[in-house]
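Subject: Structure for your files

Hello,

Here is the structure I said I would pass on. My notes on what was found in it follow below.

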Amino acid sequence: MAAAAWERFVGHRWLPKAAVVVLAAVLVAAFLLVRSERRDAHNAGVLETACGGVLPREAVRGLLPGDETWELRSDLDLTGPSGRGPRTLVRCSLDWGEYGGLELAAVPVLDVPLRGVRPGDILSAGTAEEPDWATAYRTATTQVTVGCPAGLPGYPRPVTRFRVHASLNHDDGSEVAGAAKELGTVVTAVADHVRDRGGCGGPAVKPSDVRPGPGRVTEDSEDSDGVPRACRWFRPGMLDGRAWGRDDQEPRGVTGGDADVCSLRVPRAKPASRLDHFVGVSSVSWRGPLLPEARTAYGAELAALSPAPEPKSGEKSYVLAVWAESSCSGARTLSRVRVETAVSALAADRADRVLDAYLASSDCRAVKVLGKVWK
């Protein structure tokens, strides 16, 4: 009977061919299933180990293509208790295809060593060229700067901030649209990992703290209107000035972890004399380790502080410096505002208001004006 059935099967016009096709389809499906299971197991293993295993797996899995095999190209986690002070705290890269990949890094924010604490010294340090690893966050899909009040171990100078940044690209190298929001969860998890392992203290990082890389922001960039962030507190009308024109000297400013500096020259709207064309203004605030250095550098000036009556007329220019102590964003701060003008009455009348505006812009409280000094 079996032989007869086989004869009928073999002799059938299309049934043998159909059976071969079905068998091939089953084998192909089985092969694809096995390959898919192996790929999924491989990808799961990659997620478990990448970035020290701190990545939120479901969030990352939703960002990466499930039909691709992910490869861990680089992985570095040095945020343990060894205190070696690496340039990169965490780095990992998950790649697929030719150009697709998720790149993530956490790096310390290392301020350029200062040659001094006067405004010119700080401005010079602020324009120093930074290495590529320190500036990569500017063009990242998303990034966050995190405070580390207790300081990261292993550095010769206090390191009280670090940055985490991440980028996600398609296989053709283009950025994945709309990835910034989803990457925020990933960046937040890694930031808290570094903060906890480094013993930073301070508040936990929230997804709302994460922002696009500043190099990708145009309209809201801190320098989009040509005014550095450290100088945005100033308004030309404070000293009867006019808005800066194309040919006027642009303001210079630096915002740092331990000091903020602004230096600018504002053209006068209605000059009172042939010498009264510009007013020079500078503001500087020192915090943390720079406080004793600032007090030493300006020791003579601080010792001469007084109510500072207006000087006698006849000089070509007058310089008035006003000093104050306060608490700005919870940090003890020493601040100095300097006004240089050809009209002494202008500096005497407006210096206090200029100082008030400067400190108010930094949310400074418990302000104590130390005094003034004419230079």
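A polar contact here is a pair of N or O atoms within 3.5 Å; within protein, one of the two must be able to donate a hydrogen and the other to accept it. By that rule, the side chain of R163 makes a polar contact with the side chain of T145, at 3.1 Å. Please keep in mind throughout that this is a predicted model.

Overall figures

The chain has nine helices and eleven strands. It is 375 residues long, and 40% of the residues count as buried. Of the contacts with a separation of 6 or more, 64% are between residues 24 or more positions apart.

R163 belongs to strand β5, residues 161-169. Buried means under 20% relative accessible area; R163 has 13% and is therefore buried. Leaving aside neighbours within four places in sequence, R163 has contacts with A105, A106, V107, V109, A134, Y137, Q143, V144 and T145. T145 in that list is the partner in the 3.1 Å side-chain contact given above. V144 is 19 residues from R163 in sequence, and the C-alpha atoms of the two are 5.7 Å apart.

Helix α6

Helix α6 covers residues 179-197. In general, an α-helix has 3.6 residues a turn, so residues three or four places apart point the same way. After α6 comes G199, with a positive phi near 65 degrees.

The six-stranded sheet

Six strands form an open sheet in the order β6-β7-β8-β10-β9-β11, with antiparallel pairing. β6 (252-255) and β11 (364-374) are at the edges; each has a single partner strand, so one side of each is left without a neighbour in the sheet. On average, neighbouring strands of this sheet are turned by 15 degrees against each other, direction ignored.

Helix α7 (residues 290-297) packs on the sheet, where it touches β7 (259-267), β8 (278-287), β9 and β10. The direction of α7 makes about 35 degrees with that of β10. Helix α9 (residues 344-361) lies across β7, β8, β9, β10 and β11, and runs at about 20 degrees to β9.

Which strands does β9 pair with, and over how many bridges? β9 (residues 318-328) is joined to β10 (residues 331-341) by eleven bridges, the two strands running antiparallel. In β10, R338 is the bridge partner of A321. β9 and β10 form a hairpin with two residues between them, and S329 in the turn has a positive phi of about 55 degrees. β9 also pairs with β11, again in the antiparallel sense, over eight bridges. On the β11 side, V369 is the bridge partner of A324. Nine of the eleven residues of β9 are buried, so the strand is mostly covered.

S285

Strand β8 contains S285. Is S285 buried or exposed? Its relative accessible area is 4%, so S285 counts as buried. The side chains of S285 and S335 are joined by a polar contact of 2.8 Å. Apart from neighbours within four places in sequence, the residues in contact with S285 are D258, A259, D260, T333, L334, S335 and Y358.

Two aspartates in loops may be worth a look. D240 is in the loop between α6 and β6, and its phi is near 55 degrees, a positive value in a residue other than glycine. D240 is partly exposed, with a relative accessible area of 36%. D363 is in the loop between α9 and β11. Although D363 is not a glycine, it has a positive phi of about 55 degrees. D363 has 41% relative accessibility and counts as partly exposed.

Regards

Notes
Residues numbered from 1 in each chain as written. Predicted model: local features only at pLDDT ≥ 70, side-chain atom pairs only at ≥ 80, totals over all residues. Heavy atoms only, no water. Helix = DSSP H or I, 4+ residues; strand = E, 2+ residues; numbered from the N terminus. Buried < 20%, exposed > 50% of the residue type's maximum accessible area, 1.4 Å probe, protein only. Contact = heavy atoms within 4.5 Å. Expected span 1.5 Å × (residues − 1). Pairing = 2+ DSSP bridges. Axes fitted to C-alpha atoms, helices over the stretch in contact; angles between N-to-C directions.
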